[in-house]
Amino acid sequence: MSVHQTIRKALRPALLASACALLPLAPAPAAAQPHQQHGDAGNFGRVHFPTSCSPQAQERFHHALAMLHSFHFPATGQAFAALAEAEPDCAMAWWGVAVSQRLNPLVPPFPPAALQRGWQAIERARAAPPRTERERDWIEALAAFFQDHERVDQRTRTLAYEAAMERLAAKYPDDDEAQIFYALAINEAVDLSDKTYARQRKAGEILERADARVPNHPGVVHYLVHTYDFAPLAERGLPAARRYAAIAPASGHALHMPSHVFSTLGLWKEAIAADRAAIASYTAYFGRLDPRVAGKPELIARNYHSVDFLTNAHMQMAQDKAAAELLAPYRAVSEPPPLIYPFHTGFNAAFVRHALDRGAWAEAAALPVPKTPYPMAEAIPWFGKALGAARSGDPAAAKPSVERLRELRGRLAESREPYWAEQAQIQETAATAWISLAEGRRDEALRLMRAAADLEDRTEKHIAMENRLSPMRELLGERLLETGDPAAALREFEASLKAAPNRYRSFAGAAKAAERSGDRGAARL
């Protein structure tokens, strides 16, 4: 049996346990109840959302909702399903089943089966005996997200849900949960090409007001981190980042999330501590759920996002050996388990950035391409292979990888993923620039590399790729250095460092460019 087959055989039960997307609307077994599951009776923070259900249901609802605010699946969906079984007439339990079908609401698209289960749960909530007008309003607001999902695109339904939550928050200004979920809905509707950050600023204002009223709410600090983890806003997210882990210490996601802000600001030591804690938490948690993955972090999909963050932080601190040791067990995984695509983008990016940040071009050119159903994740190693081959002086070997990037860009465009199609276009353009340079077409190489940098500047990073794999302005600076224009290279490295602070290659490139251009003061900095 191959290593891949062994891993898949060991992982299959964990996948069934850890994918809330597989959660049926049928009642969950007693073993799935949150207070009986290992790790799920811990501290996820405190929330207050009064319902008209029984006092016993209210306590369980609060516990499930606290887990929901930290995207703690599979336990969140299991807890709401168990509550719906115990009290079928509790309409808000069915609302919980519906909302928990969105494992991470910030990373659409969502599986059609999950959307169908969400819609069915909305219908169950509507069919429950009438309770209160407020509860009906909550159910109808969420219905906008799922309704007509078979024929209406996700972006349209996301905007409809944002509008519905705005109406709900306006109708119930004293309902903290309405304000918090409205802010989350605003974040779900963010346009990553809007460099005014209008939605982020609006969500931040709502959340900061809520933070003053409920300072230890897990959702408030969680969504503040997501709201502000963009370079121009990140300083505003530091207070929430430094509080979140202590508010919901039982959540691996709460332990990881601070590193979004830490990484955006280049606070590498703090990012390393956060993601080490998250990986340890997830490894212990899923190991308790299934002993066959105990002590094997490489078999746990939820680790992959943090592994990428941790690899990136180690590389920016020139801790190459630490990054290599971290990645060693993951190299045996040729097919990461499918769950949601940010885990696959993280898995693939970690290996590529480890090679690119070291300038190990031949190693990058030889990287394997893990099997994945997600084209945005598959594009990452193909870019690494193309760039590695071109910078190794083998442009012919780079061209098939560029062709693969072109094919993936077409698939992403056809599947209505314009953001990721554009990211693949950026990667394709940059790789082609270095092929042109290797073939002696210097003017074309500069034009293409500058086009890639300008294109990347138009959009923001995505939650599934928080740390740019290799900033295009940094690559442009390196291109200018290689062709003897250090003054121009220095400007590009400085621009790159504004968007991605404290990157090792940008600092090293800036120092080299300053020295070659005779700027001794800048070189010393």
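Reader: What is the handedness of the disulfide of cysteine 53 and cysteine 90?
Author: This is a predicted model, and in it a disulfide joins cysteine 53 to cysteine 90, with 2.0 Å from S to S. The torsion about that S-S bond is about 85°, so the disulfide is right-handed.

Reader: Where in the chain do the two cysteines of this pair sit, and how many residues apart are they?
Author: Cysteine 53 lies in the loop between helix H1 (3-18) and helix H2 (55-68). Cysteine 90 belongs to the loop between helix H3 (75-86) and helix H4 (91-99). The pair therefore links distant parts of the chain, 37 residues apart.

Reader: Is tryptophan 420 buried or exposed?
Author: Look for tryptophan 420 in helix H21 (residues 418-438). A residue counts as buried when its relative accessible area is under 20%. Tryptophan 420 has 6% relative accessibility, so the word for it is buried.

Reader: Which residue has a side chain in polar contact with the side chain of tryptophan 420?
Author: Leaving aside neighbours within four places in sequence, tryptophan 420 is in contact with several residues, including Met376, Leu412 and Tyr341. Methionine 376 is 44 residues away in sequence, yet the C-alpha atoms are 6.0 Å apart in space. The polar contact, at 3.3 Å, is with the side chain of tyrosine 341.

Reader: Which element gives the most residues to the lining of the largest cavity?
Author: The largest cavity holds about 220 Å³ of space, and 18 residues line it. Two elements give two or more residues to that lining: helix H19 (375-391) and H21. The most, 6 residues, come from H21.

Reader: How many charged residues are in the lining of the second largest cavity?
Author: About 160 Å³ of space lies in the second largest cavity, and among the residues closest to its centre are Asn104, His253 and Arg302. Helix H12 (252-256), helix H15 (303-316) and helix H17 (341-357) each supply at least two lining residues. By class, this lining has 10 nonpolar and 7 polar residues, and the number of charged ones is 1.

How values were computed: Residues are numbered from 1 along each chain as its sequence is written. This is a predicted model: local features need pLDDT of at least 70, side-chain atom pairs count only at pLDDT 80 or more; totals for chains, interfaces and linings use all residues. Side-chain values use heavy atoms; hydrogens and water are left out. A disulfide is a pair of cysteine sulfur atoms within 2.5 Å. Helices (H or I, at least four residues) and strands (E, at least two) are DSSP runs, numbered from the N terminus. Buried means under 20% relative accessible area, exposed over 50%, partly exposed in between (1.4 Å probe, protein chains only). Contact means heavy atoms within 4.5 Å. A polar contact is a pair of N or O atoms within 3.5 Å; within protein, one must be able to donate a hydrogen and the other to accept it, and residues adjacent in sequence count only if both atoms are side-chain atoms. On a 1 Å grid over the protein atoms alone, a cavity is a set of points where a 1.4 Å probe fits but cannot get out, and a pocket is an open set with protein on both sides within 12 Å along at least five of seven lines; lining residues have an atom within 4 Å of a point. Grid points are joined across faces, edges and corners, and a volume is the space filled by probe spheres set on the points. Ala, Val, Leu, Ile, Met, Phe, Trp, Tyr, Cys and Pro count as nonpolar, Asp, Glu, Lys and Arg as charged, and the others, Gly among them, as polar.
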